[in-house]
Amino acid sequence: MTTQPDHGQELIPRPERTPDAVRVALARIAPHRLGEMERHKEQALAAAIADGKIGHLQHWLTYWHAQVEIERRPDLSTRYRTALAAVHGTEGRDDPSFRSGMNELTAVEAEAKRAVSA
């Protein structure tokens, strides 16, 4: 038996790695982001058609699966929003808080991506 880390109460179960499952999960926990997801999908589809590479669509699915992971886990969501507020509260890229906030955003996104890739 493997031991899963304790992330606190997850809002919904992790969805399967399919476009429909990820979209349904996002609709449940962050419906305000559905338009953003759809625009990103259209961009990925256009890029895939333009250069004949499915990797654009795979990246799109991985990105949104990770975004759902952040939204469904209060531990990640809190860290993400705190870091985002720190970045937006700076006076620019030269502010030490900007780099610190960006590092935390990157760390949260990497953790979410690892979780959905495992």
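Helices H1 (residues 19-29) and H3 (residues 55-72) have axes that come within 10 Å and cross at roughly 30°, so H1 runs roughly parallel to H3 (angles under 35 degrees count as roughly parallel). Axes here are lines fitted to C-alpha atoms over the stretch in contact, with angles from 0 to 180 degrees between N-to-C directions, and helices are DSSP runs (H or I) of at least four residues.

This is a predicted model, where local features need pLDDT of at least 70, side-chain atom pairs count only at pLDDT 80 or more, and totals for chains, interfaces and linings use all residues. Numbering starts from 1 along each chain as its sequence is written, and side-chain values use heavy atoms, leaving out hydrogens and water.

| H1 | Pro 19, Val 22, Ala 25, Leu 26, Ile 29 |
| H3 | Trp 60, Leu 61, Trp 64, His 65, Val 68, Glu 71, Arg 72 |

Leu 61 sits in H3 and is buried at 11% relative accessible area (buried means under 20%, with a 1.4 Å probe and protein chains only). Skipping residues up to four places away in sequence, Leu 61 touches Arg 17, Thr 18, Pro 19 and Val 22.

Leu 61 also belongs to the largest nonpolar core, 12 residues in all; such a core is a set of buried Ala, Val, Leu, Ile, Met, Phe, Trp, Tyr and Cys residues joined through side-chain atoms within 4.5 Å. H1, H2 (34-51) and H3 each supply at least two of the core's residues.

Definitions and conventions. Parallel < 35°, antiparallel > 145°, perpendicular 65-115°, else oblique. Contact = heavy atoms within 4.5 Å. Buried < 20%, exposed > 50% of the residue type's maximum accessible area, 1.4 Å probe, protein only.
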